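Dear colleague,

I am passing on the structure we spoke about, with the sequence alongside. My notes on it come after the display, and I would be glad if you read them against the coordinates.

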Amino acid sequence: NGSQGDGAEEGGAKSLDSAYRIQPGDIVLIDVWRVQVLSQKVKIGMDGTFVYPLIGTVPAQGKTVDELRAYLTKALADGYLVDPVITVTIDTKTQRFFVVGEVKQPGAFTLEEKIDVHQAIITAGGFTDFASKSVKIIRKSGGVKKVIKINIDRFAKEGKTNPEADIQAGKLEILVAEALT
């Protein structure tokens, strides 16, 4: 577990893309070295904050894990701890994506590792007999909505080279499997 290869940690926590911005509903694991009482698992509230001992309300929404770590380090160093060593990780079990439309088992699924649109469709039981094999990825991030169309047959033949086809953590990902017209 000491290698930095995949960033996996115990308990389902992974260091996600360093550009990932914390969202309401995320579960954040905070570890303060040698101060067990301050090492906590917190859920980000719908207002984008959480309550933390000694500090009170902590604004977390929109921060990266590094920015949140720096915020907590500064706040705890201000009169509470001498040179606090803090680790912040996101519990990836809270990352979800949605598959709807012409798939056998539509619904919400947990994003446990990096997957592409083809793997996401397989996770949802595969296409129904009425599917066109065309999938729309509706991606929302920071109020911006983007729609990406992927033809699964072409995607599989081309060796899965489209980076837009990866399911992205930290964004609302909805996959719509379209019907034959």
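Predicted model: local features only at pLDDT ≥ 70, side-chain atom pairs only at ≥ 80, totals over all residues.

Residues are numbered from 1 along each chain as its sequence is written, and side-chain values use heavy atoms, with hydrogens and water left out.

The largest nonpolar core has 22 residues, and those with the most contacts inside it are Phe97, Val99, Val117, Ile150 and Leu175; such a core is a set of buried Ala, Val, Leu, Ile, Met, Phe, Trp, Tyr and Cys residues joined through side-chain atoms within 4.5 Å. Buried here means under 20% relative accessible area, exposed means over 50%, and partly exposed lies in between (1.4 Å probe, protein chains only). Among the elements that give two or more residues to this core are β9 (131-141), β10 (144-151) and β11 (172-179), where helices (H or I, at least four residues) and strands (E, at least two) are DSSP runs numbered from the N terminus. A second, separate core of 19 residues includes Val32, Leu38, Val42 and Leu72.

As for charged pairs, a search of the whole structure finds eight salt bridges, each defined as a side-chain nitrogen of Lys or Arg within 4 Å of a carboxyl oxygen of Asp or Glu. In one of them, Arg139 meets Glu173 with the closest N and O atoms 2.5 Å apart; Arg139 lies in strand β9 and Glu173 in strand β11, so the pair ties together parts that are 34 residues apart in sequence. Arg139 is buried at a relative accessible area of 5%, and Glu173 is buried at 0%. Glu164 forms a salt bridge with Lys146, at 3.1 Å between the closest N and O atoms, and here Glu164 is partly exposed at 26%, as is Lys146 at 40%. Arg139, Lys146, Glu164 and Glu173 are linked in a network of salt bridges.

With best wishes
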